[in-house]
Amino acid sequence: MAQMQTAATADRADTRGETGSGPSAGTRKRAKMATRNLNVYYGDNHAIQDVSLDIGNNEVTALIGPSGCGKSTFLRCLNRMNDVIDTCRITGDITLDDVDVYDPNLDVVQLRARVGMVFQKPNPFPKSVFDNIAYGPRIHGVTNTRDELEELVERSLRRAGLWDEVKDRLDLPGSGLSGGQQQRLCIARAIAVNPEVILMDEPCSALDPIATATIEELIDELRDNYTIVIVTHNMQQAARVSQRTAFFHLGEMVEAGETEALFTNPRDDRTLGYITGRFG
Ligand SMILES: Nc1ncnc2c1ncn2[C@@H]1O[C@H](COP(=O)(O)OP(=O)(O)OP(=O)(O)O)[C@@H](O)[C@H]1O
């Protein structure tokens with residue numbers, strides 16, 4: 001079971017530990033989530049090394065870096081998805097607003113309602129389109145009446161840009177939709193429980209270019225209402241959808257900053273090497 005070993009102590013609003021490029025590092029709006037001196041171990045494997053990163057409110061933060069550098073591990077710490085991995089041990093602080101994410105008294109189910117997740121491969125439940133969306137709100141008691149639930153399902157599907165395509169097939173299985181539609185269904189499902197943060201682990205890697213473009217547009221629209229963290233192998237995608245980017249290498253966060261600055265004027269040779277395709 002993942003274990004938090006240090007108390008939450010950091011000043012949540014500062015940018016300490018960031019190697020941010022660009023002039024805005026000190027003037028950015030308050031972080032929605034923050035990690036301070038985060039270390040993650042799988043047994044002896046030190047997968048994340050002393051990472052301090054602010055995740056800005058209502059922006060998209062992209063996590064990039066070569067395979068195995070720890071992007072998904074970092075992402076999964078943000079809503080404690082690593083808790084189920086027996087060998088995983090965590091030290092350092094993670095906060096959501098002022099809440100210590102690893103507080104032993106925290107209700108993890110509630111945390112995951114506030115910090116939702118969309119996975120690499122679309123994974124609709126083996127249920128109808130309607131019930132895929134209605135499941136979470138029912139569990140969390142978000143709505144009281146059938147009418148409220150129907151409104152919420154429609155609103156979530158509209159927000160995910162899927163309503164017009166599925167409004168006449170709400171009772172058919174979600175698995176019958178195309179890959180891109182299924183991924184938007186999963187995004188609608190995440191939205192339905194009113195999350196504040198949405199974590200996306202390579203959400204387009206199983207999709208064709210047209211479905212990818214639709215999801216990228218959707219991510220851009222969603223940031224008005226949500227804070228988004230996206231893991232991507234695709235640097236063009238990071239440049240297109242994110243306002244801030246963090247580059248990871250061998251478990252270390254090498255640098256983080258405004259996306260444009262990081263891609264045009266990286267401070268570290270390793271970042272330069274990666275974004276110019278010298279390795280990765
Ligand atoms: N469940 C696990 N159990 C043990 N080790 C793991 C587990 N998940 C990841 N690791 C290890 O942690 C390190 C970081 O892996 P992680 O999947 O976070 O990297 P990544 O950057 O997301 O990689 P990729 O881009 O290939 O998905 C790797 O050494 C990996 O082998």
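A residue is called buried if 20 or more other C-beta atoms lie within 10 Å of its own, exposed if 12 or fewer, and partly exposed in between, with C-beta atoms placed from the backbone. Hello everyone, let's keep that in mind. What we have here is a predicted model, where local features need pLDDT of at least 70, side-chain atom pairs count only at pLDDT 80 or more, and totals for chains, interfaces and linings use all residues. Residues are numbered from 1 along each chain as its sequence is written.

Let me start with helix α3, residues 129–140. Helices here are DSSP runs of H or I with at least four residues, strands are runs of E with at least two, and both are numbered from the N terminus. Which residues of α3 are buried? They are Val-129, Asn-132, Ile-133, Ala-134, Gly-136 and Pro-137. Their cover includes α4, α5 (163–166) and α6 (179–191). Just past the end of α3, Gly-141 has a positive phi of about 60°.

Now to the partner, α4, residues 146–159. The axes of α3 and α4 come within 9 Å and cross at roughly 115°; axes are lines fitted to C-alpha atoms over the stretch in contact, and angles run from 0 to 180 degrees between N-to-C directions. The two helices are therefore roughly perpendicular, a label for angles of 65 to 115 degrees. On the α3 side, the contact uses Phe-130, Ile-133, Ala-134 and Pro-137, and on the α4 side Leu-149, Leu-152, Val-153, Ser-156 and Leu-157. Contact means C-beta atoms, placed from the backbone, within 7 Å. By class, that gives eight nonpolar residues, one polar and no charged. Nonpolar covers Ala, Val, Leu, Ile, Met, Phe, Trp, Tyr, Cys and Pro; charged covers Asp, Glu, Lys and Arg; the others, Gly among them, are polar.

Next, the ligand. Of the 13 residues around the ligand, Tyr-42, Ala-47, Ser-67, Ser-72 and Thr-73 come nearest, where near means a C-beta atom, placed from the backbone, within 6 Å. Two elements give two or more residues to this shell, β2 (45–56) and α1 (71–77). The largest share, three residues, is from α1. The shell divides into four nonpolar, eight polar and one charged.

Most residues other than glycine have a negative phi. Asn-58, though, has a phi near 50°, and sits in the loop between β2 and β3 (60–64). Asn-58 counts as partly exposed because it has 15 C-beta neighbours inside 10 Å. Glu-202, with phi near 45°, lies in the loop between β7 (197–201) and α7 (209–222).

Definitions and conventions
Parallel < 35°, antiparallel > 145°, perpendicular 65-115°, else oblique. Contact = placed C-beta atoms within 7 Å.
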